[in-house]
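Please open the structure in your viewer and keep the selection tool at hand. The stops below say what to select next and what is found there.

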Amino acid sequence: MKESIVKAVKEMIEAPSCCPELETAGEVWLESLGTDAEISATKALIAEAKADICTIDNVYELFVSDEGKKMFGEDKARELAEHAKEVKAAGKEYCDCGACTGAKFVIDHESEML
C-alpha cells in the first residue's frame, strides 16, 4: 500500500494545479520516509491535504467568476466549468485535478499512513 501512496504523492506534487504548500508537504513527506521524522511529516501532509483539497462546487464557482475568467481566459474557464458540472453530475464531491486527486488519496489512506 505504501508504494501506491508514494506514487499518488509524487503525481500530486508534479501536478500543475498543486499549490506550493501542498507540494512542500509532499516533498518533505517523501524525504522523511524511513526516518524519525516520518510520523510528523505524515501528519503535516494529511493536514495540508485536508486544507487544500477543493470541492467541485468551489472550483465551479471559481471558473464562472470574473476572477476565474481572468485567471484562465474566458474560453478555458468555460471549458473548466463545464467539466466541473460533469464531475458533479457523476456524483463526485471533489475536484478531479491532479493535486486534488492526490490529496483525496492521502486523506482516504490516512489511517494506513499513521
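Begin by selecting Lys-104, which is partly exposed, with a relative accessible area of 31%. The model on the screen is a predicted one. Because the two residues are four places apart in helix 7, about one helical turn separates Asp-108 from Lys-104.

**The two domains**

Next, colour the chain by domain. The domain assignment gives domain 1 as residues 1-52 + 96-113 and domain 2 as residues 54-95. The centres of the two domains, taken over C-alpha atoms, are 24 Å apart. Where they meet, six residues of domain 1 are in contact with five residues of domain 2. Domain 1 and domain 2 bury about 470 Å² between them, and 61% of this area is on carbon and sulfur atoms. Select Asp-96, Cys-100 and Lys-104 together: within domain 1, these residues lose the most area to domain 2, and together they make up 81% of what that side buries.

Which kinds of polar link cross this interface? Two residue pairs are in polar contact there, whereas the count of salt bridges between the domains is zero. Display helix 7 (residues 98-108), which gives the most to the side of domain 1 that touches domain 2, with three residues. The residues of that side divide into two nonpolar, one polar and three charged.

**Past the end of helix 7**

Move on to His-109, in the loop between helix 7 and helix 8 (110-113). Is His-109 buried or exposed? Its relative accessible area is 13%, below the 20% cut-off, so His-109 counts as buried. Leaving out residues up to four places away in sequence, His-109 touches Met-1 and Ile-5.

Select Val-6 in helix 1 (residues 2-14). Val-6 is buried, with a relative accessible area of 17%. With residues up to four places away in sequence left out, Val-6 touches Trp-29, Leu-30 and Leu-33.

Thr-42 is the next stop, in helix 3 (residues 38-52). Its relative accessible area is 0%, and Thr-42 is therefore buried. Beyond its neighbours within four places in sequence, Thr-42 is in contact with Trp-29, Met-113 and Leu-114. The side chain of Thr-42 also reaches the backbone oxygen of Glu-38 at 2.7 Å.

Stay with Glu-38 and show its side chain, which forms a salt bridge with that of Lys-2 (2.3 Å, N to O). This pair links distant parts of the chain, as Glu-38 lies in helix 3 and Lys-2 in helix 1, 36 residues apart. Glu-38 counts as buried at 14% relative accessibility, while Lys-2 is partly exposed at 43%.

**A last stop in helix 6**

The structure holds eight salt bridges. For another of them, select Asp-75 and Arg-78, whose closest N and O atoms are 2.6 Å apart. Asp-75 is exposed, with a relative accessible area of 58%, and Arg-78 is partly exposed, at 47%. Why are they separated by about one helical turn? The reason is that Asp-75 and Arg-78 are three residues apart in helix 6 (residues 74-89).

Key. Residues are numbered from 1 along each chain as its sequence is written. This is a predicted model: local features need pLDDT of at least 70, side-chain atom pairs count only at pLDDT 80 or more; totals for chains, interfaces and linings use all residues. Side-chain values use heavy atoms; hydrogens and water are left out. Domain bounds come from an automatic or database domain assignment. Contact means heavy atoms within 4.5 Å. Buried area is the accessible area (1.4 Å probe) that two parts lose on being put together, summed over both. A salt bridge is a side-chain nitrogen of Lys or Arg within 4 Å of a carboxyl oxygen of Asp or Glu. A polar contact is a pair of N or O atoms within 3.5 Å; within protein, one must be able to donate a hydrogen and the other to accept it, and residues adjacent in sequence count only if both atoms are side-chain atoms. Ala, Val, Leu, Ile, Met, Phe, Trp, Tyr, Cys and Pro count as nonpolar, Asp, Glu, Lys and Arg as charged, and the others, Gly among them, as polar. Buried means under 20% relative accessible area, exposed over 50%, partly exposed in between (1.4 Å probe, protein chains only).
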